[in-house]
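Me: I would like to go through the labels used for this chain and ask what stands behind each of them.

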Amino acid sequence: MSQITESSNFTRQESFLTAAKMYRVTVKAYTLLPYYFARNGYAFPARHYYFEVTRRCNLRCVMCQYIDWLRSTPVSVQREGELTTEEWLRVINQVQRFSLVTFTGGEPFFRDDFVELLEQASARARTHIISNAVLLTEERARRCADLAPRKVGGAGLNFLGVSIDGPPEVHDRIRGMQGAFQRSMEGVRALVEFRKSGGKQCPVIHVTSVVQADNVDCLARMPQIVAEAGCDVLNLTLEARNWDQGRPQAAGLSSVASGPIVFPNVDHGRLTRALEETRREARRVGVELRLPDMPDRAIVRYYSGDMDLRAFRCGGAWTNLIVSAQGDAYPSCWFLRIGNVRENTLREIWNGPQARAFRKRTRAGLHPPCVGCCFLIHSPRK
C-alpha cells in the first residue's frame with residue numbers, strides 16, 4: 001500500500017472514529033436519562049428500528065439462530081405470514097424522522113420489493129442494511145449508492161454491513177456456500193466504485209465477523225481484507241446461542257430464562273492473541289476496529305464459559321425497537337413479544353404496558369439469555 005493511500009485511509013478512519021464516538025455518546029445520553037429517572041419504564045421515542053423484512057436466506061451459516069428452521073422448512077413455507085409490501089410501507093411511514101432504520105433478515109435482498117422499501121425509508125430517515133452481499137448485484141449496488149447522502153447523518157443509506165467471517169476458504173465453510181466470499185466481495189467492490197464516482201462518504205461499509213472457534217486463528221487477516229475491498233470498518237461480534245429466532249413468535253421471558261445458558265468455546269490463549277493481533281493490524285492498515293462494549297478480558301471470559309451480567313446494563317431497550325418479518329415487535333431482543341404492527345402502531349407499542357414492564361424488570365437486573373447480546377454495555381458496579 002502506498003504512502004498516499006495509507007494517509008487517505010487514516011484520514012477516513014479519523015473521520016469515522018469522530019462520527020462514531022459522537023453517535024455513541026449521543027445514544028448513551030438518550031438512553032441514560034429515562035434509564036435512571038423514568039422508574040415507570042417510559043422511554044423517549046425510539047431512535048433505532050430493526051426491520052427484519054424476511055427470515056429467508058440464501059446461505060446456511062453454522063452459527064445462525066435460524067439454521068435449524070432454514071434447513072427443515074421449505075422456502076414456500078418460510079415466507080408465510082411475512083408482511084406485505086403495503087404493510088411494510090405503512091410501518092416505515094410511522095418511524096420517527098431522522099431516526100435510524102436497519103434492514104436485516106435473513107437476507108433482505110431475498111425480497112423482490114426490498115429496494116422499494118429501502119427507497120421509502122431513505123426518504124425520511126437514515127438507513128442501514130445488514131446483508132451477506134451475495135445478492136448485491138451491480139444494479140443494486142448502483143441504487144444503494146444513489147440513495148446514500150454525501151456525508152454521514154443525512155437522510156438516506158448511511159451504512160451497509162456485510163458479513164464476512166474470514167478469508168475465502170474459511171468464510172465459505174462457515175457460511176455454507178462455495179464461492180460466497182467471492183460473490184460478496186464483487187458486490188462490495190461495485191458499491192465502493194459507485195460511492196467513489198459519486199464523491200460520497202456514504203454508505204459507510206462495515207464488515208462484520210462473528211468471533212468463533214472456526215475463524216479465531218485468522219481474525220488478524222480481516223483488517224487487510226477489509227482495506228483491500230475499500231471498506232471502512234471491521235466489526236467483531238460475539239457468537240450468541242441462547243434463543244431460537246426461528247420460531248414465528250418468541251416463547252416469552254419466563255420460558256427462556258429457565259433454560260440452560262449455552263456459551264461458545266474458544267481457547268483463551270488463542271482468543272487473547274487474536275484480539276491483540278487484529279487490533280494491531282487494524283491500526284497498520286488504517287481500518288476502524290469495533291468490538292463489543294467490554295474489555296478484552298470480558299470477551300475472553302465469555303468464550304471460556306462465563307459472563308458476569310452484573311457488570312453490564314442493557315443498551316437497547318430504551319432506544320431500539322425490532323419488528324419481525326411477521327410483524328411481531330420486540331424491545332431490542334428476541335425473547336419477549338410486546339405487540340404486532342398489524343394490530344398497533346409503532347408508537348403504541350413502544351411505550352405500551354408490555355414494553356414499560358420489560359424495561360422496569362431489565363433495569364432491575366439482566367436476564368440469563370442476555371449473555372452475548374450485542375446491545376450489552378459494560379458498566380461494572382463500584
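This is a predicted model: local features need pLDDT of at least 70, side-chain atom pairs count only at pLDDT 80 or more; totals for chains, interfaces and linings use all residues.

Me: Why is H171 called buried?

Reply: Buried means under 20% relative accessible area, exposed means over 50%, and partly exposed is in between (1.4 Å probe, protein chains only). H171 has a relative accessible area of 1%, so H171 is buried.

Me: Where is H171, and what does its side chain reach?

Reply: H171 lies in helix α7 (residues 168–175); helices (H or I, at least four residues) and strands (E, at least two) are DSSP runs, numbered from the N terminus. The H171 side chain reaches the backbone nitrogen of D165 at 3.1 Å. A polar contact is a pair of N or O atoms within 3.5 Å; within protein, one must be able to donate a hydrogen and the other to accept it, and residues adjacent in sequence count only if both atoms are side-chain atoms.

Me: Which residues does H171 touch?

Reply: Contact means heavy atoms within 4.5 Å. Not counting residues up to four places away in sequence, H171 touches S163, I164, D165, G166, A180 and F181.

Me: What makes E82 and R56 a salt bridge?

Reply: A salt bridge is a side-chain nitrogen of Lys or Arg within 4 Å of a carboxyl oxygen of Asp or Glu. The N to O distance for E82 and R56 is 3.0 Å, so the pair meets in a salt bridge. This pair links distant parts of the chain, 26 residues apart: E82 is in the loop between α3 (75–78) and α4 (85–92), and R56 is in the loop between β1 and α2 (67–72).

Me: How do you know whether E82 and R56 are buried or exposed?

Reply: E82 has a relative accessible area of 11%, so E82 is buried. R56 is at 5% relative accessibility and therefore counts as buried.

Me: How many salt bridges does the rule give, and how far apart are the closest N and O atoms of D232 and R195?

Reply: The count comes to 18 salt bridges. For D232 and R195, the closest N and O atoms are 2.9 Å apart. D232 is in the loop between α9 (222–228) and β6 (233–238), while R195 is in helix α8 (residues 180–197), 37 residues away. Both D232 and R195 are buried.

Me: What makes β1 and β2 a pair?

Reply: Two strands pair if DSSP finds at least two bridges between them. β1 and β2 (residues 100–104) have five bridges, so they pair, in the parallel sense. Y50 stands opposite T102 in β2.

Me: Which residues of β1 point each way?

Reply: From β1 (residues 48–52), H48, Y50 and E52 point one way and Y49 and F51 the other, and all are buried.

Me: How many bridges join β9 to β1, and how many to β10?

Reply: Four bridges join β1 to β9 (residues 320–323), and these strands run parallel. Y49 stands opposite L321 in β9. Two bridges pair β9 with β10 (residues 328–330) in the antiparallel sense, and V323 stands opposite A329. The hairpin of β9 and β10 has four residues between the strands, and there G327 takes a positive phi near 95°.

Me: Which strands are called edge strands?

Reply: The open sheet of ten strands has mixed pairing and the order β7-β6-β5-β4-β3-β2-β1-β9-β10-β11. Its edge strands are β7 (288–290) and β11 (339–340), each pairing on one side only.

Terms used:
Residues are numbered from 1 along each chain as its sequence is written. Side-chain values use heavy atoms; hydrogens and water are left out.
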